[in-house]
Amino acid sequence: MRLRENNKATSEASLRLRRKAQRGNPKFKDLLLLDLPLCILPKRGNDLRSLLLYLLFLFILPYISLAQERKQKPSIEEIRDDITQILETVSEETDAAFNLDAFLEQLVDLYQKPMNLNRASYEDLTNLRLLSPEQADAVVRHREQFGNFISIYELQAVEYMDVDAITRMLPFVTVRSDIDDYQIQSIKQLLFEGDFELYLRYSQILEEQDGYVPLDSGETGTRYAGNPSRFYTRFRYNFPNKLSYGFTAEKDAGEEFFHDTQPRGYDFYSGHLFVRNASIFKSIAVGDFEAKFGQGLIMWSGFGFGKSPFVTNIKKSSEALKPYTSVDENNFLRGIGTTIEAGNFEITGFFSQDRKDANIELLVDTLEDDFISQATSLQESGLHRTESELEDKDAAKQLITGGHIKFQKRASHLALTATHTRLDFPLGANTSPYNQFQFSGDRLTNFGMDYALLIKNFYFFGEVALRNNWSVAMLYGFIASLDPKVDISVAYRYYQKDYFSFFANPFGESRNPFNEQGIYAGISLKPFKKIQLDTYIDYFKFPWLRYQVDAPSNGIDFLAQLTWKPTKKIELYGRYKNETKQENEPGNTSKLDVLADVNKQNIRFNARYKVSESITLENRFEYVIFNDGEKENGYLIFQDITYSALGFPLSVSARFALFDTKSYDSRVYAYEDDVLYSYSIPGFYNKGTRFYLVLSYKATRNIDLWLRFAQAYVSNQVTIGSGLDEIDGNVRNEIRGQVRFKF
Amino acid sequence: MIVKYFIILFTAFSFLCPSILAGSFDDAVGARSSALGNHTSAISDVFSVSNNQAGIGFLKKYTFGISAKNKFLVKELSLMDAAAVLPTKTGVFGLGVHYSGTSLFSESKIGIAFAKSFGDRFSFGLQFDYLNFRISEYGSKNLFTFEAGVQYFLVPEKLLAGAHINNPLRLTLDEETDEKLPTVMRFGLNYSPSKKVSVLAEVEKDLDYAPVFKAGVEYRVVEKLALRGGFNANPFQAAFGIGLYLKNLTIDAASLFHPQLGVSPHLSLTYAFARKQ
């Protein structure tokens, strides 16, 4: 039930509000005890505002404890916990390094400068996954109906809101009137009164890796050009919601620095200037930026959530353009872009020209008796340490122009996207059976349509995209909150085998949307206040061959997680994941490959316990069963301890872990704490131990320091790593230091 | 009076079962069950006569239902069922008729069920089955067996648990070929946080096959319409369906999707007579 008319008699409205509150959510039960003294209700004819204020007063009472928490800012930890769970799943799925610092950064930004509930758009509210679509929509609707929020506690009167969501978003939101919000008195204020931040980071593996051992005379082989240290520098000026500019520079381990192959110093530079909310321009991007449209079938540079224990988190939603500040050397756009907002329309256009790493080869054209150059593949590692890696650096030029027109009304929208890509070297024709439908050539056009539609508690979304060869990729789905205790999500995807887009990153089993069909269903249950059960199942088919899968194949992925939070200080969860895919049968010596099921099961138990205000403990036990005809097991067990006290400048985080897996196949992934904005999710295999210690020290108001030491030890191997990264020994130590200047 | 009509109607239908059907005795009966991923153990409706007899123990009205299902759009794999429920003072009686197959091969079953609920929380049901297998120009075979089930509310009106076993005595169809009548056990939960929503899960174990996991969701969008979805894992099969609740008549439709074998449509009708007593 919803309040539809503003001018209803207030007492009636209050009753309805109460009824709504009581019905909608068990959290309001407390309220029943404090029965509303109707006699002191504002009289008829008073505006709704005073009524709401009155109600708020009552609402606040049971929430004083919440208010106290707010004062202490319930740390970014809780959110980060959620994110790490997502990340770990993603790592397991893709086994690829991806860049998340931009996401983390936004979160930290928001933590430091909370968003104003009275200004936040629907997108802002869903952007960081703090609220579900219907919750975000309800917040905007509430504002439209009753005017600006007067206090943060008014959130409790918003439809679909629950205590969890409110607690989750509290650190990141605030309520201010419009007047004091980002009103810029002068250019000077805009240019100088934001935050300047400078990060310097250094890290190095202490043991000598093969790539750094000088070659003996007469010995031939590849060696890294530079030294094993890694440098990272980042500068950023940020005036929230208005202006951001800065640069990022990085030298990876093994790359040279101001020398020979790297005369410009760092191997990678990235810079951006980003203006927001300047008259009709919602955003203007110059330099490096990210573009994210629709469900990512055409354009989604940067990180995109996929399958995770957050089973209803399957719809993508983002601002069209965002500044790029990360160090992934390939997954961004370089050029200019802008978004114009006119009424319900939002029009985005961009142009990007960037050099990508590629392997270029010369082919003899036998007809013309001439040479043709073509790129065999685009490289994505961003590493330029050896001669061949350096040769590939920036070898191919990629030009992308694109546009996105969106008609939007709160949570619902309809949009069109088109992009055109050109390469200065054609991508070579693919010769293996498995990749013969993949993109080749030097021109690519993509266009498509996407939508989102909120009808009551059902949120439908989808995208259809075409490539200029008329191949198609589509994704349809919905999420629905059937009950305060039951949320469901369903998605269907159909990606043809010859569809392709360079920056696509939609929901699915593989990162790029081609050669895949699948159906996904997830359900999140909160049967009791402190217990949550999340589960999903995903069935998928690959109608064409894949790498090392010489026949059409299929698979199924299932996850169930039970979370129990008996008190505010304790969180326990158990997780079971079971994934079956098909691959060429290992050990098959006949000429013809046949497929075999490859099954991987993960069983995890995780406990977090806040011993005191400053000390938190976390344990995990994870057991992996891998079976591709031959069964093998892996274990990981760890103990974390974190010390972080208010008013004390030093915080400490440490872990000791034991792992024992039969081989790489039964490896176990675990998120690790790191210096701010750095992160790692290593996969552990073989038998050994892991230890790390992170110190973070607030030296002055403007200076923060971080120091990290990490050690990996394997007991059943004589070397660690492979190829040029191999260490002749069974210990690998790594140090990392970071300093941040803030002014 | 009503009882009389009821019996006439039912008998008439039982003889009208068209002979274009085929299948097995362990398939979910009723399109509602199918749409929920073939969930059978913790549902209480007229088709509980065939699915889990304990389910009829909670019913208070004379109810009659027919169910028709076609597996993978193969003509020979069609199943036809009829069920009737007669609540009395001593307990609830049920009658179930099943036919599947063609004139070349057919399976049929007549089951007489009895269920009794103790309070509103617990119900127990039992059914005696008379089975007939017939292969044209080869012969036919008759067999008696029984099945039994229980249902109980773990949380009143919110969480229902159900269990059912078919052919507990492990009867064999043919001693010579060792052709067995399947012995199947199922256990399921049905969680309804509100009147609008039900979430169901079930595990099924056939003595000779790997366990099957099932899950489904039912959502009563409005009073007269329910949307349903579900799946089976191992082997995978997705399902969805709708239910239309008219005055005394309920129409349920469902489709199951098997990635390799294709679609299985299912339709059922339920008619509940105005409450007796």
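**Getting started with chain A**

In chain A, 60% of the contacts with a separation of 6 or more join residues 24 or more positions apart; two residues are in contact if their C-beta atoms, placed from the backbone, lie within 7 Å. This is a predicted model, where local features need pLDDT of at least 70, side-chain atom pairs count only at pLDDT 80 or more, and totals for chains, interfaces and linings use all residues. Residues are numbered from 1 along each chain as its sequence is written, while chains are lettered from A and ligands numbered from 1 in the order in which they are written.

**Exercise 1.** Find how many helices and strands chain A has.

*Solution.* Take helices (H or I, at least four residues) and strands (E, at least two) as DSSP runs, numbered from the N terminus. Counting these in chain A gives 11 helices and 31 strands.

**Exercise 2.** Find which residues touch the most other members of the largest nonpolar core.

*Solution.* Start with buried residues, those with 20 or more other C-beta atoms within 10 Å of their own. A nonpolar core joins buried Ala, Val, Leu, Ile, Met, Phe, Trp, Tyr and Cys residues through C-beta atoms within 7 Å. The largest such core has 98 residues, and A:A291 and A:Y459 touch the most other members. Strand β17 (residues 472-483) of chain A gives the largest share, 7 residues.

**Exercise 3.** Describe where chain A touches chain B.

*Solution.* First count: 16 residues of chain A are in contact with 14 of chain B. Next, locate the largest share on the chain A side: β19(A) supplies 5 residues.

Notes: A residue is buried if 20 or more other C-beta atoms lie within 10 Å of its own, exposed if 12 or fewer, and partly exposed in between; C-beta atoms are placed from the backbone.
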